[in-house]
Amino acid sequence: MAGVELLPKEYGYVVLVLVSYCFLNFWMSFQVGKARKQYKVSYPIMYATEAENKNAKLFNCVQRGHQNSLEMMPKFFMLMIVGGIRHPLICASLGVVYIVSRYFYFTGYSTGDPQNRLNLGKYNFLAIMGLMICSISCGVSFLMS
């Protein structure tokens, strides 16, 4: 495969972590689907209103936990892909931290109390910061070579 031989073999860990995040995203999608049934929020309604549904806040917290993960996904993927070129093991490790903390972010949010998303979920931002540093390092190394 053209170009793959230029990547360090440890880049495979980066790929596996990215695929793992896809499984987490599927799981979160299923949780939103279950919440739709449980709280009777039909498609295409993105967020329930309290005037129409007494469980609006509970559903919206589940939906918002998943939506926020979708909003962060392009940043996470880009930083993993770029930073992993130069620092595959560090990025893969940070990616695992990100995924685990995203799980807790989602489950905390899904309790209906948005503050619960930050109990362990707050560490996803540290992982993103680490991935940004790895990506910056990769960009600088390209410029210096």
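Visitor: Which residues do ring pairs link into a cluster?

Guide: This is a predicted model, and its aromatic pairs come to nine in number. Ring pairs join four residues into one cluster, and these are Tyr21, Phe76, Phe77 and Tyr98.

Visitor: What is the angle between the planes of Tyr21 and Tyr98?

Guide: A pair of aromatic rings is described by the distance of the centres and the angle of the planes. For Tyr21 and Tyr98, the distance is 5.9 Å centre to centre. The pair is tilted, and the angle between the planes is 40°.

Visitor: Is Tyr21 buried or exposed?

Guide: A residue is buried when its relative accessible area is under 20%. The relative accessibility of Tyr21 is 0%, and Tyr98 likewise has a relative accessible area of 0%. Tyr21 therefore counts as buried.

Visitor: Which type of pair do the rings of Trp27 and Tyr103 form?

Guide: The centres of the rings of Trp27 and Tyr103 are 5.4 Å apart. Trp27 is in helix H1 and Tyr103 in helix H3, 76 residues apart. The planes of the two rings stand at 40°, so the pair is tilted.

Visitor: Over the ring of which residue does the charged end of Arg117 sit?

Guide: Arg102 lies over the face of Tyr105, at 4.4 Å from the ring centre. The charged end of Arg117 is placed 5.3 Å from the centre of another ring, that of Tyr109.

Visitor: Which residues does Asn60 touch, not counting residues up to four places away in sequence?

Guide: Asn60 is found in helix H2. Its relative accessible area is 19%, which means that Asn60 is buried. Beyond residues up to four places away in sequence, Asn60 touches Tyr47 and Ala48.

Visitor: How far apart are the end C-alpha atoms of helix H4?

Guide: Helix H4 runs over residues 123-144 and has 22 residues. At 1.5 Å a residue, the helix should span 32 Å. The distance between its end C-alpha atoms agrees with this, because that distance is 32 Å.

Visitor: Against which helices do the buried residues of H4 pack?

Guide: The buried residues of H4 include Asn124, Ala127, Ile128 and Leu131. Seen down the axis of H4, the buried residues fall within an arc of 165°, so they line one face of the helix. On the other side of H4 are exposed residues, among them Leu126 and Ile133. The buried residues of H4 pack against helix H2 and helix H3.

Definitions and conventions
Residues are numbered from 1 along each chain as its sequence is written. This is a predicted model: local features need pLDDT of at least 70, side-chain atom pairs count only at pLDDT 80 or more; totals for chains, interfaces and linings use all residues. Side-chain values use heavy atoms; hydrogens and water are left out. Helices (H or I, at least four residues) and strands (E, at least two) are DSSP runs, numbered from the N terminus. The expected span of a helix is 1.5 Å times one less than its number of residues. Buried means under 20% relative accessible area, exposed over 50%, partly exposed in between (1.4 Å probe, protein chains only). The arc is that of the directions from the helix axis to the C-beta atoms. Contact means heavy atoms within 4.5 Å. Rings of Phe, Tyr and Trp (its six-membered ring) pair if their centres lie within 6.5 Å; planes under 30 degrees apart count as stacked, over 60 as edge-to-face and the rest as tilted. A charge sits over a ring if NZ of Lys or CZ of Arg is within 6 Å of the ring centre and within 35 degrees of the ring normal.
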